[in-house]
Amino acid sequence: MRNRGSWRARMRRCDGAAIVEFTLMLPLLFSLLAGVSEFGRALYHHHVIEMALRNATRYLSRVPDPAAEADTARNLAAYGTPDASGSPLVSYWTSDTYGTITIEGPTMRTVTYTDSGGNPVSFEMPVIRMEAAVPYEDLGFLSLILSNPLQLIAEHEEVHFGD
């Protein structure tokens, strides 16, 4: 019978252990990388939608009749232009799907604050509010984790000045 070395010597031999560990961890690392990049993409699209909605609400706050300019505001939000020319700011948020933009106002809102003398002061002001709920079109990684599709929801309010 041949002696193959001591027990300690056999335990120190790790030929190929690193490649086996890497092979086992590679799917986990790939999933983590794909999930982080998909989440970053969703955050970026939410930011773009939020900024576009802010700009459209600011536009509506300065026109005399916001109801007459609702389509222009929707185009500003989705395309960044008043006439829906060019490509949408977010590729899947087109004129077919931006019906999810709701416009409220101007509605009177009561604001109360305390002046320097400690007295409450109340006044009313007209407010325009826009909200958008855009179904997020993911690249496939979030749909593996989430049972319901992700909705990007943004809203913005501005005081209506009208010209």
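This is a predicted model: local features need pLDDT of at least 70, side-chain atom pairs count only at pLDDT 80 or more; totals for chains, interfaces and linings use all residues.

Reply: Residues are numbered from 1 along each chain as its sequence is written, and side-chain values use heavy atoms, with hydrogens and water left out.

Me: Are helix 2 and helix 3 roughly parallel or roughly antiparallel to each other?

Reply: Helices (H or I, at least four residues) and strands (E, at least two) are DSSP runs numbered from the N terminus. Helix 2 (residues 17–61) and helix 3 (residues 70–79) pack with their axes 7 Å apart, at an angle of about 155°. Axes are lines fitted to C-alpha atoms, for helices over the stretch in contact, and angles run from 0 to 180 degrees between N-to-C directions. Angles over 145 degrees count as roughly antiparallel, and helix 2 and helix 3 are therefore roughly antiparallel.

Me: Which residues of helix 3 meet helix 2?

Reply: Contact means heavy atoms within 4.5 Å. On the side of helix 2, the residues involved are Ala52, Leu53, Ala56, Tyr59 and Leu60. Their partners in helix 3 are Thr72, Ala73, Leu76 and Ala77.

Me: How many of the residues of helix 3 are buried?

Reply: Buried means under 20% relative accessible area, exposed over 50%, and partly exposed in between (1.4 Å probe, protein chains only). The buried residues of helix 3 pack against helix 2, strand 1 and strand 2 (120–135). Of the ten residues in helix 3, the number buried is nine.

Me: In what order do the three strands form the sheet?

Reply: Two strands pair if DSSP finds at least two bridges between them. Strand 1 and strand 2 run antiparallel and are joined by twelve bridges. The sheet is open and its pairing antiparallel, with the strands in the order 1-2-3.

Me: At about what angle to strand 1 does helix 3 run?

Reply: Helix 3 lies across both strand 1 and strand 2. Its direction relative to strand 1 is at about 90°.

Me: Is Tyr113 buried, partly exposed or exposed?

Reply: Tyr113 is placed in strand 1 (residues 101–114). Leaving aside neighbours within four places in sequence, Tyr113 is in contact with Asn119, Pro120, Val121 and Phe123. Because its relative accessibility is 43%, Tyr113 counts as partly exposed.

Conventions:
Angles under 35 degrees count as roughly parallel, over 145 as roughly antiparallel, 65 to 115 as roughly perpendicular and the rest as oblique.
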